[in-house]
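This briefing is meant for a reader who meets the structure for the first time. It goes from the order of the elements to the sheet, then to the helices beside the sheet, and ends with a single residue.

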Amino acid sequence: MTLNTTKLACAAVGILALTACTDPAQLNDGTGLNNTQQGALIGAGVGAIAGQIIGGDTGATVLGAAVGGAVGAGVGYNLDQQEADLRRDLDNGDVQITNTGDRLIVTMPQDVLFATDSFSVRPDLQDDLYTVAANLQQYPASTIQVIGHTDSDGSADYNQRLSERRATAVGGILVDAGVPFGRVQTIGRGESQPVASNLTPEGKAQNRRVDIVILPNA
């Protein structure tokens, strides 16, 4: 192990030790690291690379790792808090919340939002979106991607257009509920990104969904 590598490893270990002092009740992904700690390590790695590119020496690399680790730890901690608030406020077992450590993904099945082949969100099904919008306003330092998905029934072109319209409809409600327009991006993926088999009704139901992806700003 070179001197540069040794110092970088020590910096990363130090950052991880600091983040271990956070709330032990925070969620982790089964690796033994909570999202604050994972964010610290990811940030340390990115910061080290940036420091090496910009500074070109060991000191810049270690400094970049330390700064990146601190930023990453903060991102992970905030995501944990935002996730906890969403789980508390959303009263719908069909809505899934996934915390990857660097983003939150709120997955809403079609049946939570739309009638079959429709891209108009039913008025009686909008409460969950208003809850998400309130959470997004409470945690304003993020960009929001609203991504529509379909199953494989029908033509690919039709499904692409339907997914785009559904994403736009959901994004419009978030904006109407107070989320700044500039934070919201709407994207249609059609049938191109299934999460289950399209050969069964159950799989198709999982594929018909809208993902609200919360990306913390750097």
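Read from the N terminus, the elements of the chain follow the order α-α-α-β-β-α-α-β-α-β-α-β, which gives seven helices and five strands. The model is a predicted one, and the points below describe what was computed from it.

**The chain as a whole**

- The chain has 218 residues, and 43% of them count as buried.
- Its accessible surface comes to about 11,000 Å², with 57% of that area belonging to carbon and sulfur atoms.
- When contacts between residues at least 6 apart in sequence are considered, 67% of them join residues that are at least 24 apart.

**The sheet**

- The five strands form an open sheet with mixed pairing, and their order across the sheet is β1-β2-β5-β3-β4.
- The edge strands, each pairing on one side only, are β1 (96-99) and β4, and the twist from one strand to the next averages 20°.
- Strands of a sheet pair through backbone hydrogen bonds, in either a parallel or an antiparallel sense.
- The antiparallel sense is found between strand β2 (residues 104-109) and strand β5 (residues 209-216), which pair over six bridges; within this part of the sheet, Thr107 stands opposite Asp211 in β5.
- The parallel sense is found between strand β3 (residues 142-149) and strand β4 (residues 184-188), which pair over five bridges.
- Between β3 and β4 the chain passes through helix α6 (residues 156-176), and this β-α-β crossover is right-handed.
- Val146 has Thr186 in β4 as its bridge partner.

**Helices lying across the sheet**

- Helix α5 (residues 127-138) lies across β2, β3 and β5, and its direction makes an angle of about 170° to β2.
- Helix α6 lies across β3, β4 and β5, and runs at about 160° to β4.

- Asp151 is found in the loop between β3 and α6.
- Is Asp151 buried or exposed? Its relative accessibility is 6%, and residues under 20% are counted as buried, so Asp151 belongs to the buried ones.
- Apart from neighbours within four places in sequence, Asp151 is in contact with Asn159, Glu191, Asn198, Lys204, Asn207 and Arg208.
- With one of these residues, Arg208, the side chain of Asp151 makes a polar contact of 2.8 Å to the side chain of Arg208.
- Asp151 and Ser192 are 41 residues apart along the chain, while their C-alpha atoms are separated by 8.7 Å.

Methods: Residues are numbered from 1 along each chain as its sequence is written. This is a predicted model: local features need pLDDT of at least 70, side-chain atom pairs count only at pLDDT 80 or more; totals for chains, interfaces and linings use all residues. Side-chain values use heavy atoms; hydrogens and water are left out. Helices (H or I, at least four residues) and strands (E, at least two) are DSSP runs, numbered from the N terminus. Buried means under 20% relative accessible area, exposed over 50%, partly exposed in between (1.4 Å probe, protein chains only). Contact means heavy atoms within 4.5 Å. Accessible areas come from the Shrake-Rupley method with a 1.4 Å probe; for residues, only the protein chains shown count as cover. Two strands pair if DSSP finds at least two bridges between them. A crossover is right-handed if, with the strands pointing away from the viewer, the path from the first strand over the helix to the second runs clockwise. Axes are lines fitted to C-alpha atoms, for helices over the stretch in contact, and angles run from 0 to 180 degrees between N-to-C directions. A polar contact is a pair of N or O atoms within 3.5 Å; within protein, one must be able to donate a hydrogen and the other to accept it, and residues adjacent in sequence count only if both atoms are side-chain atoms.
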